[in-house]
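Trainee: I've got a model open and would like to talk through its side chains. Can we go through them together, one question at a time?

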Amino acid sequence: MDVVGSIVRAVEELKREYAVRRAEPGISHAAACLRYAFHAVTRGKPVSDVVLYGTELHHWFGRHAPSVLERHGCRCESEVKVALGQLSGFADMLCDCSGTRAVIELKFTKTPNASNPFFRWHERQLKYYAAIAGADIGVLLMMSFDLSRYSIFHVALNDESRRALVREALARYEDLARA
């Protein structure tokens, strides 16, 4: 077997798959400013040190938080795909806390509070994930990069609010997909 050739073919396949996936608007795009999202999808979003550090913290948290949360009564899965037709994304965690279904969305930032300029986007993204996942509650956990400061925001959902949020998410997705 040509191992190197197999790896090269796999990498080329992954590159094509990534290029297609990167060009598809997702829940995080639908939750953002649509002008910003259009440019992120069509031109790509630059990767900075802050983005890389936030990604590493997401991975660390995703590996460690479920076992700690389980000790406190919540069974959680990390990086759960949430989808409604073509609109999809990955919620950071989907949990069952004594029968209450919860989506936890993590944001690592220099400004881990409601004065963060992206707070409304993060909150909308959380609501969309929670609604599409059929959750009872959505929890936004904003943490500083060194984990020394954090804020927690939550939103309770019922059938009516979930339906309204799903309609809104789909409408924003369709606007972005048509652009």
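Trainee: Is W121 buried, exposed or partly exposed?

Mentor: Quick ground rules before that one: this is a predicted model, where local features need pLDDT of at least 70, side-chain atom pairs count only at pLDDT 80 or more, and totals for chains, interfaces and linings use all residues. Residues are numbered from 1 along each chain as its sequence is written, and side-chain values use heavy atoms, with hydrogens and water left out. Buried means under 20% relative accessible area, exposed over 50%, and partly exposed in between, with a 1.4 Å probe and protein chains only. W121 has a relative accessible area of 23%, so the label is partly exposed.

Trainee: And how are the rings of F118 and W121 arranged?

Mentor: Rings of Phe, Tyr and Trp (its six-membered ring) pair if their centres lie within 6.5 Å; planes under 30 degrees apart count as stacked, over 60 as edge-to-face and the rest as tilted. That rule gives 4 aromatic pairs. For F118 and W121 the centres are 5.2 Å apart and the planes sit at 55°, so the pair is tilted.

Trainee: Let's step back to the fold. In what order do the elements of the chain run?

Mentor: Helices (H or I, at least four residues) and strands (E, at least two) are DSSP runs, numbered from the N terminus. The chain has 6 helices and 5 strands. Starting at the N terminus, the order is α-α-α-α-β-β-β-α-β-β-α.

Trainee: What share of the contacts joins residues at least 24 apart?

Mentor: Contact means heavy atoms within 4.5 Å. Taking the chain's contacts between residues at least 6 apart in sequence, the share that joins residues at least 24 apart is 59%.

Trainee: What handedness does the disulfide of C76 and C95 have?

Mentor: Their sulfur atoms are 2.2 Å apart, and both cysteines are buried. The torsion about the S-S bond is about 110°, so the disulfide is right-handed.

Trainee: What is the pairing when the bonded cysteines are numbered in sequence order?

Mentor: The structure holds 2 disulfides. C74 is joined to C97, and C76 to C95. Numbered that way, the pairing reads 1-4, 2-3.

Trainee: Then with which side chain does the side chain of D92 make a polar contact?

Mentor: A polar contact is a pair of N or O atoms within 3.5 Å; within protein, one must be able to donate a hydrogen and the other to accept it, and residues adjacent in sequence count only if both atoms are side-chain atoms. A polar atom of the D92 side chain also lies 2.7 Å from the backbone nitrogen of L106. The side-chain partner, at 3.3 Å, is H58.

Trainee: Back to salt bridges: which residue does R120 meet in one?

Mentor: There are 6 salt bridges by the rule above. R120 is exposed, with a relative accessible area of 52%. The N to O distance is 2.8 Å, and the partner is E123.

Trainee: Last one: is R162 buried or exposed?

Mentor: R162 meets D159 in a salt bridge at 2.6 Å, N to O. D159 is partly exposed at a relative accessible area of 49%. With 13% relative accessibility, R162 counts as buried.

How values were computed. A disulfide is a pair of cysteine sulfur atoms within 2.5 Å. A salt bridge is a side-chain nitrogen of Lys or Arg within 4 Å of a carboxyl oxygen of Asp or Glu.
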